[in-house]
Amino acid sequence: MTDPTTYRPGLEGVVAGESAISRIDVERNRLIIRGYDLVDLTTTASFEEVAYLLLNGELPNRAQLDAFLDTLRNERSLPEPLMEYLRQAPDTVHPMSLLRTAVSALSFWDPDAGDNSPEANVAKATRLLAKAPTILTTGYRLSQGQEPVPPHADLSAAGNLLYMLRGEEPAQHEQEAINVSLILYAEHGYNASAFAARVVTSTLSDLHSAVTAGIGALSGPLHGGANEQAMQMLLEVEQHGDAEGWVLEALALKKKIMGFGHREYKAGDSRVPSMKAVAEEIAKAVDDHHWVDLAARVEETMIREKGIHPNVDFPCSYTYYMMGIPIPLYTPIFVSSRIAGWSAHVIEQLAGNRLIRPAHIYTGQEPRPVPAIDER
Ligand code: COA
């Protein structure tokens, strides 16, 4: 039954489902993933352990983790036709578009493509987690006229991502920085991309379709695309020379400041302190604190003028920049982690599925006769 009084544009505050995967605890400003505080996970776990937790419901024991790591490492390479496709893609294509299409295409070679059992979905999600960094680094290197770097079987997800991007083994502190960012990006409740993945799944479609939809939803600047936009903005702020003045001008023009604001958190994103700590470490390592300082001035001005706090995309953007990661890869890196969260939502949706099909309020014409073509 349609009840127009429940209508909220953007569905804010509307309960659209149940989930045991994560909870944004706004009162205590924390994100709980399957019962664990995300901040605790960033200090004690690897991204791979968090991905396992999301996909299977519990943290792995040593034997389970070893088996999961083995699978991830063995699944990193891409089918040859997909490598060829990446070679043929125009250099101007954004890596998010490459990733969206390549993830969809991977279903062609996945032995479990049409199997919607939880076991098959964990297997498919694990393969996508293993292959996404290969797609994004291979696609990017080819677009720059460089040969792809084959995956490194001895490195973690974080280390291997940087290795395939640069062709040399990253330092430990860099691997740790990426590891924390991947954990922070892995899952965040009923956000737009997770919801998109659940809507697709609710028709009893397959995991590759749901993840492809998730990537499409994440790519927009109001969602995951904000990390790239935030860095472009910081480059503009630096060029301008006066961070406070730049923000005041942008606000006067009613511009959105990228990397700020959040639908759920209104007093700060619980993931930001962990990412800022990483930014500090990287600034120390590169012996250049000016991006952290510039970002702090933007943040102070936004809080003072609008009471709007940064979200995780803001510190992620300048951390990645200080590490020399090309800006068009920021959102694809987010994808390489969020595949774990989306896949958990797919599995959960299927376990208690009901077709997602909301109502709407019709604002069009009243019924009228169809005019003959010469009378239009
Ligand atoms: N810069 C400037 N003003 C902002 C803002 C931002 N980043 N985020 C919110 N606001 C303003 C809105 O313009 C609105 O002002 P108004 O009441 O004068 O119209 C007010 O704050 C409330 O914002 P609203 O748009 O209702 O919040 P929301 O919950 O719909 O939006 C976002 C949440 C994330 C879409 C929004 O904050 C945004 O666009 N942020 C920038 C993109 C971004 O960083 N996305 C990543 C999110 S993790």
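Predicted model: local features only at pLDDT ≥ 70, side-chain atom pairs only at ≥ 80, totals over all residues.

Residues are numbered from 1 along each chain as its sequence is written, and side-chain values use heavy atoms, with hydrogens and water left out.

1. Let's begin with Arg 34, which is partly exposed at a relative accessible area of 23%. Arg 34 sits in the loop that joins β2 (30-33) and β3 (36-37); strands here are DSSP runs of E with at least two residues, helices are runs of H or I with at least four, and both are numbered from the N terminus. The phi of Arg 34 is positive, near 45 degrees, and the residue is not a glycine.

2. Leu 204 is also worth a look, with a positive phi of about 70 degrees although it is not a glycine. Leu 204 lies in the loop between α9 and α10 (207-218), and its relative accessibility of 58% makes it exposed.

3. On to the domains, whose bounds come from an automatic or database domain assignment. That assignment gives domain 1 (18-219 + 326-351) and domain 2 (226-322). The contact takes 26 residues from domain 1 and 23 residues from domain 2, where contact means heavy atoms within 4.5 Å. The domain centres, taken over C-alpha atoms, are 25 Å apart. Between them the two domains bury about 2000 Å², 63% of it on carbon and sulfur atoms; this is the accessible area (1.4 Å probe) that two parts lose on being put together, summed over both.

4. Which residues does Ser 181 touch, leaving aside its neighbours within four places in sequence? They are Met 275, Cys 316 and Tyr 320. Ser 181 belongs to helix α8 (residues 172-185) and is buried, with a relative accessible area of 0%.

Key
Buried < 20%, exposed > 50% of the residue type's maximum accessible area, 1.4 Å probe, protein only.
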